[in-house]
Amino acid sequence: MTNDTQSPEMIDGFHLVIDALKLNGIDTIFGVPGIPITDLTRMAQAEGMRVISFRHEQHAGNAAAAAGFLTQKPGIALTVSAPGFLNGLTALTNATTNCFPMILISGSSEREIVDLQQGDYEEMDQLAIAKPLCKAAFRVLHAEDIGVGVARAIRAALSGRPGGVYLDLPAKLFAQTMEAGAGKASLIKVVDPAPRQIPAPDSVQRALDLLKGAKRPLILLGKGAAYAQADADIRALVETSGIPYLPMSMAKGLLPDTHGQSASAARSYVLAEADVVLLVGARLNWLLSHGKGKTWGGPNAATRQFIQIDIAPTEIDSNVAIAAPLIGDIGSCVSALVAGMGSNWAKPPADWTGAIYERRDKNLAKMAATLALSPSPMNFHSALNVIRNVVKARPDAIVVNEGANTLDFARSIVDMYEPRKRLDVGTWGIMGIGMGFSIAAAVVTGKPVIAIEGDSAFGFSGMEVETICRYNLPVCVIVFNNNGIYRGIDVNPTGGADVAPTVFVKNARYDKMMEAFGGVGAHATTPQELQSALDEAIRSEKPTLINAVIDETAGTESGRITSLNPTSAAKKK
Ligand code: ADP
Ligand code: TZD
Ligand code: MG
C-alpha cells in the first residue's frame, strides 16, 4: 500500500468473490471457463484456490455436489451464462433432490439487455429459471453486496435440509471496483451455518416409548445419516438398542456391512415384518416403496408404526403417518435417544433378531456360493467379487457406482466398511454422476476411487477421463461392458439396419479412451485379468480404465426396478 492518498488501493468484483469464498474456508472450484468468468478461474488459481476445470458443466456440478456431501461445506460449481448455466442446472437440481449442499455460481449477461430481451450474448433470465429448481437463488448486482450474497448462499446451502443454491453474478459485477478496505470489511465469515437443532424432549420420549414397546423393531439409515457425520452416535444407537438395521445405499459403511446387526441380506423379510421402524435421515420415497404396499406387507402392515428423525419437519407424513416425528439434526436426535436408553435398555426379542440373522446368513451363504463361480463369459457376480475383495482390503477407497444391473448388483455385493465411502445415483437414480463424483472424491479426500460403471452410465460423463488424466487423479474406472443398456441382446423387430435402442457397438474398447489421454487402459475378460488390473491401479494410483467384458445376456430390464416400467394394457392385433 502506497501512502498516495489520491489513489487508494482498490479491489474488484473478481477478487471479492474469491476472498468471500476463501474467508469461508472454501478452497476448491469445479467449473468450465468462458465469458464472463474466465478471469475468475485464473485469479482464483492465482490466489491459491484449487480450480478443477471440466469438459462439461454437468460433471463440474456433480463434483461440487459430491464435495458438499463429503465435506459438509457447499461444493462450488462455476459456469458461464445460458448454456453453461443450463448444463450445470441438472447437477444443481440433483444435489437439491439428494439434500447435498452446493452452490452453482454462474456468470450472466447484462441485466438491462436480458430484461428487455434484446438479444445479448448468451442471454437468459437465469435467476428465474433456477429458482424453482433449487433450494434458494440469489443475484448480486453491486460489488459491495458480494459478501452478503456469498454468505446467504452458504447459509442456504447448509442450514436445515441441505441443498443446492444458485448464485447469479452478472458480467458487469466482476469489473466493478471499490476501495479495498471497505471491500474486505463488506465480506462475511458465516458463523455456525448449520446450527445444531436439538429435538424437543417430549418428542424424544415419545420415540423411546414406541421403541420400548416394539416386538420387531428395525432401524433404517439413509444418506442423511451419512451426511450428518454423527458416526459414533449412530453406532451407539444401533449397538445400545440391539436393533437390527438396514442401510440405504449411501449409508452403507456407516457401520461396516459385516456388522452383526446388519439386516441387509434379509431386507424383504424385515421390511415386511417389522412393527416399529426408526428412520434416520431416510425418506419414505420410492426407494422404500413409500412405506406401504407389498414390500411393507406382512402381519404388521396395519399396525406398523414409524419414528422418523429428520431435520425437515415437512418431510413427516409425506407418505404414511409418522407416529413419532423427531425433528432436529441427526447427531442431536440420535444422542438424545441413546442417552434416554440408559445402560440397561432391553434388547429386542430374540425370536425376531434370531429369525432375521438366520435368513441373512442363509442368503449370505447362497451369495458366497454364487460369487465363487467363475463362468465364462464373466458375469456381474464374478466381476464384482473381485471388487468386493479389493474394497475389503482397501476400506478407505471410495466407490462410485452407476448403471442399472451394474448398480444393483454392486450395491448388494460390494460391502462397505467406512462411512461416506459410497457415492451413487441417489434419489433420482440419475445416470451421469460417475466421473464428476469420482473427480470430487479424489480431489477432496486424496483416496483411491473405484468407479463401478455400466457401459451406458459411463457414456454420460466419459469425456471427463481427460480431466482425470489432466489432474492425474487416483481414479480407476471399471466399465461393466455388456454391450448396452441392461443387456446387449435386443434386436430390431423390423429386421432393419438400425440396432435396437438399448444396444451399443459390440465389443467396444472403452480402455482406449483412457489411453488416449495418457492414462492406463486395461481389457479384462476374466476375474483374474480384472484383479490384476485393479490391483495395479490401486497400487500405482494412476488414472486407469478397465474395460470389463460382461456376459451380454446376464442383466435384466432396468435391473431391480423392472416393475416401474409402464406396461400397456392395449394389445396390438
Ligand atoms: P436415502 O435415499 O438414503 O433413503 P434420503 O435422501 O431419502 O436418504 O433422506 C435424507 C434425509 O436426511 C432428508 O429427508 C434430509 O432432510 C435429512 N437430513 C439431511 N441431513 C440431515 C441432518 N444433518 N440431520 C437430520 N436430517 C438430515
Ligand atoms: N438418463 C438419465 C439422466 N438417467 C437415467 N436413469 C436414464 C437416462 C435411464 N437409465 C436408467 O435408469 S439405467 C440406464 C439408463 C439409460 C443405463 C443402464 O445401462 P448400463 O447398466 O449399461 O449403465 P447395465 O449394467 O447394462 O444394466
Ligand atoms: Mg450395460
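A polar contact is taken here as a pair of N or O atoms within 3.5 Å, and within protein one of the two must be able to donate a hydrogen and the other to accept it. In this predicted model, such a contact involves Gln 308, whose side chain has a polar atom 3.2 Å from the backbone oxygen of Ala 282. Gln 308 is part of strand 12, which spans residues 305–310. Its relative accessibility is 1%; because the limit for a buried residue is under 20%, Gln 308 is classed as buried. Beyond its neighbours within four places in sequence, Gln 308 is in contact with Leu 279, Ala 282 and Arg 283, with Glu 315 and Ile 316, and with Ile 322, Ala 324, Pro 325 and Leu 326.

Polar atoms of the protein approach ligand 1 from both side chain and backbone. A polar side-chain atom of Asp 310 lies 2.5 Å from an oxygen atom of the ligand, and a backbone N or O atom of Gly 281 is placed 3.2 Å from an oxygen atom of ligand 1. For Ile 330, a backbone N or O atom lies 3.0 Å from a nitrogen atom of the ligand. Ligand 1 has 590 Å² of accessible area on its own, and the protein covers 96% of this area.

The magnesium ion (ligand 3) is coordinated by an OD atom of Asp 455, OD1 of Asn 482 and the O atom of Gly 484, at 2.0 to 2.1 Å. The spacing of these donor residues in sequence is D-x26-N-x1-G. Asp 455 and Gly 484 link distant parts of the chain, being 29 residues apart. Asp 455 belongs to helix 19 (residues 455–459), whereas Gly 484 is in the loop between strand 17 (475–481) and helix 21 (511–516). Relative accessible areas are 2% for Asp 455 and 3% for Gly 484. Asp 455 is therefore buried, and Gly 484 is likewise buried, since the term applies under 20%.

Notes:
Residues numbered from 1 in each chain as written. Chains lettered and ligands numbered in written order. Predicted model: local features only at pLDDT ≥ 70, side-chain atom pairs only at ≥ 80, totals over all residues. Heavy atoms only, no water. Donors = N, O, S within 2.8 Å, 3.2 Å for Na, K, Ca; no water. Helix = DSSP H or I, 4+ residues; strand = E, 2+ residues; numbered from the N terminus. Buried < 20%, exposed > 50% of the residue type's maximum accessible area, 1.4 Å probe, protein only. Contact = heavy atoms within 4.5 Å. Areas by Shrake-Rupley, 256 points an atom, 1.4 Å probe, with all protein chains shown as cover.
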